[in-house]
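Please read the following briefing alongside the sequence and the coordinates.

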Amino acid sequence: MVDMSHYEKAENLEKTQRITRMLHDKGIATEAEPGRINGGEDGVKDTGDLEGLLTTAEEAGEFVDTGIDFLAPAFGNVHGNYGGVENIRLDFERLEKIRAATKGKAQLVLHGTNTFPDATMQGCIKGGMTRCNVNDLVLHKYSKYVAENTGKVPLTELMGTGTDLIQELIEYQMDIMGSTGKA
Ligand SMILES: [Zn+2]
């Protein structure tokens, strides 16, 4: 994935199309992100600007027309921290329209899943997400354990227990997403 969401839309589209052609020539799949919303420790505060950053069905259509294979839409999901589960407000109606505009052309992927409740994740999958990027959801136990135990237990134990904690959460999320046993 090449993330060019920090460029203006026209430039992002143009670069996306150029890079997509180049990568497809080499047999490499591409993923594009039309808008990007960053969270912070306190979540996204200024919701006034937020609307303009969300992906519209029209924009989604423009992006899939560049030939991309995967589209990561912004429909209320943010990168990083939401600053509390109450701040996770996804626009599923928007997602439905994006899905309709991209159907059969590109697959939808989900970014920004930190602290997602199980039902939210499942709602996203029902809404058309075929891949869900997870970071904190599978790492938070590991991060806490490592922060609390570094220098206190032997390195091999730190690595072993840390890996088990990641595996536990990955297995849990696989069950939530319905991907267990579907390798
Ligand atoms: Zn992203």
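Of the 183 residues of the protein chain, 38% count as buried, where buried means under 20% relative accessible area, exposed over 50% and partly exposed in between, with a 1.4 Å probe and protein chains only. This is a predicted model, in which local features need pLDDT of at least 70 and side-chain atom pairs count only at pLDDT 80 or more, whereas totals for chains, interfaces and linings use all residues. Residues are numbered from 1 along each chain as its sequence is written, and side-chain values use heavy atoms, with hydrogens and water left out.

**Overall chain**

- The protein chain holds 7 helices and 4 strands, these being DSSP runs numbered from the N terminus (helices H or I, at least four residues; strands E, at least two).
- Along the sequence these elements follow the pattern α-β-α-α-β-α-β-α-β-α-α.
- Taken along the principal axes, the C-alpha atoms of the protein chain fill a box of roughly 55 × 40 × 30 Å.
- Among contacts (heavy atoms within 4.5 Å) in the protein chain between residues at least 6 apart in sequence, 65% join residues at least 24 apart.

**Surface and charge**

- The protein chain exposes about 10400 Å², of which carbon and sulfur atoms supply 53%; the areas come from the Shrake-Rupley method with a 1.4 Å probe.
- The mean positions of the 19 positive and 29 negative charges of the protein chain lie 4 Å apart, with Lys and Arg counted as positive, Asp and Glu as negative, and His and the chain ends not counted; each charge is placed at NZ of Lys, CZ of Arg, CG of Asp or CD of Glu.

**Sheet**

- The 4 strands form an open sheet in the order β1-β2-β3-β4 with parallel pairing, two strands being paired if DSSP finds at least two bridges between them.
- Because β1 (31-32) and β4 stand at the edges, each with a single partner strand, one side of each is left without a neighbour in the sheet.

- Strand β2 (residues 70-71) pairs with strand β3 (residues 107-110) in the parallel sense over 2 bridges, and Phe-70 stands opposite Gln-107 in β3.
- From β2 the chain crosses through helix α4 (residues 92-102) to β3 in a right-handed β-α-β crossover, meaning that, with the strands pointing away from the viewer, the path from the first strand over the helix to the second runs clockwise.
- Strands β3 and β4 (residues 129-132) run parallel and are joined by 3 bridges; Val-109 has Arg-131 in β4 as its bridge partner, and Leu-110 stands opposite Cys-132 in β4.
- The β-α-β crossover from β3 through helix α5 (residues 118-126) to β4 is right-handed.
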